[in-house]
Amino acid sequence: MLQHSVLRICQFLLLALCIFASEDFDWMKNEMGSFQYGTFPSGFSWGAGSSAYQTEGAWDKDGKGKSIWDVFSHKRGKIHLNDTGDSSCEGYYKIKDDIALMKDMKLNHYLFSISWPRILPSGIKNDYINDKGIEHYNNLINMLLENRITPIVTLYHWDLPQALEEKYGGWQNASMVNFFNDFANLCFERFGNRVKYWITFNNPWSVAVEGYETGEHAPGLKMKSTGAYNAAHNIIKAHAKVWHTYDAQWRNKQKGMVGISLSANWGEPVDITNQRDIEAAERYVQFYLGWFATPLFHGDYPQIMKDYIGRKSAQQGLSSSRLPTFSPHEKSYVRGTCDFLGISHFTTRYITQKNFPSNRGNSYFTDRDLAELVDPQWPDPGSEWLYSVPWGFRRLLSFVKTQYGDPVIYVTGNGVSEKMMCTELCDDWRMQYLRDYINEMLKAVKDGVNVKGYTAWSLLDKFEWDEGYSERFGLYYVDFGSKNKARYPKASVQYYKRIISSNGFPNQREIESWKRKALETCTSSNQLLAADPLISHMEMVTEIVVPTVCTLCILLSAVFLMFLLRTRL
């Protein structure tokens, strides 16, 4: 009886800690402009997303080969708390359950990725095709369609077959272009009669920079000065080849579309009257988004990238630029290879000019000659890099329209994480984030930007790369400590569901009731979680800001009561 009572007291104290912490975020401090009521065009598609390695688990089951993330996450010290994606959400076994969640939300589409090594264990089509992998994705696609949910399929979300990394050096090697094309062609052959939206790569910026320059992500290489540029060059050519393969062999039969998903922050000048800051902000976006988008829409790298990297390469005494070049044939081959452009966007930075002398070493980051800043008043409830700055979203979408000839745009990822000490299903900060960012997207649509769909990131809490399970992006809470990886809806599920059913923000009175009603629903979900042992729902994190003495006292009280419990048992 004593044990039960003390655990209950601890639970309430920890819940109070979460509430106090969430109230410290002032979401009004990041607004630049008024809220706009209105709805999206008829046929606008609402969805949620995931990726294979982050959610599937079953890393070595049913004939799947190893990916670079399987190997990387198994190396001690690479991932927060040495977590791995070995089991993650066990999405491989929970297709039916997860699609039921999507159906309840009335999603129009679901964005997911196919694991290359689950289909081709060695990465090479001529070696061996894993029928069990094919069967898994057939089942997923068929069940989505049975529930009237459109599959949007990513071919590469970072999980390169380890065999290709070991034997060829991964994306540093141009042979990846043909290997990836063979994999994509197999997917078109087996799934293309039902899949009409294909994304070649998700966020190739991270693949190149974090995989081959900083080493924060798999394969963990630190090839400064050239690694990121070479990887990106091969990725761009691989995308173009896959697009041409689909165009020549499958488009007439399958009537589908092939695009790419590019991640980009918006860069705002620190001083909008300072020409150097204005140019630095432009450079920031070009080195981020333009690096990949400009070749695909215009046939070559942004001129500012060529100028800056070329000049710094010459200062190093190099005979040619560290940025690879496209031949005339390659320029025409890569140009025009996007049926739609996926945009993944989460945050914004203030940008100012900062010179990096060449004698300090050269890298992607120093090549840009700029500094990134944030406003300390911007809310940041989770990931250290993710600040809520909604107005940057509209500006980025307008930039895309202007720079790339008004392309068809699908928002392929937008959302916010939390990094809190305890389970928190009443995620009011996520509801506010969704409200503000989706409203900025609505303004962009009213401006004439051709946005056709929106994907909330993400459907579930999942493995967050080098941060392991310490950050949660999901609309649904996943209990990673339980055997069946139980899912519980956060309040944002109901809030997003109302945006979907209304196709936007119809009027002030209705919208003001959404948040209140959504918070009412999370209470019952919290009660379900409370029925389980408290310890399995406590989160161990490395960065917790406790801004008030009152909050700290609550935490200390909870720890003291836990100590009393242990001494009495």
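**Figure 1. Salt bridges across the whole structure.** Search the whole structure and you get 27 salt bridges. Keep in mind that this is a predicted model. The next views zoom in on a few of these pairs.

**Figure 2. Asp339 pairs up with Arg251.** The closest N and O atoms of this salt bridge sit 3.0 Å apart. Arg251 has a relative accessible area of 18%, so it counts as buried, given that the cut-off is under 20%.

**Figure 3. Lys306 meets Asp300 in a salt bridge.** For this pair, the closest N and O atoms are 2.7 Å apart. What about burial? Lys306 is partly exposed, at 29% relative accessible area, whereas Asp300 is buried, at 13%.

**Figure 4. Asp461 and Arg472 form a salt bridge.** Look for the closest N and O atoms at 2.6 Å from each other. Both residues lie in the loop between strand S12 (451-456) and strand S13 (476-478), so the pair ties together parts eleven residues apart in sequence. Asp461 is buried, with a relative accessible area of 0%, and Arg472 counts as buried too, at 6%.

**Figure 5. A network of salt bridges around Asp461 and Arg472.** Zoom out from the previous pair and you'll find that Asp461 and Arg472 are linked with Glu418, Asp427, Arg430 and Lys490 in a network of salt bridges.

Definitions and conventions: Residues are numbered from 1 along each chain as its sequence is written. This is a predicted model: local features need pLDDT of at least 70, side-chain atom pairs count only at pLDDT 80 or more; totals for chains, interfaces and linings use all residues. Side-chain values use heavy atoms; hydrogens and water are left out. A salt bridge is a side-chain nitrogen of Lys or Arg within 4 Å of a carboxyl oxygen of Asp or Glu. Buried means under 20% relative accessible area, exposed over 50%, partly exposed in between (1.4 Å probe, protein chains only). Helices (H or I, at least four residues) and strands (E, at least two) are DSSP runs, numbered from the N terminus.
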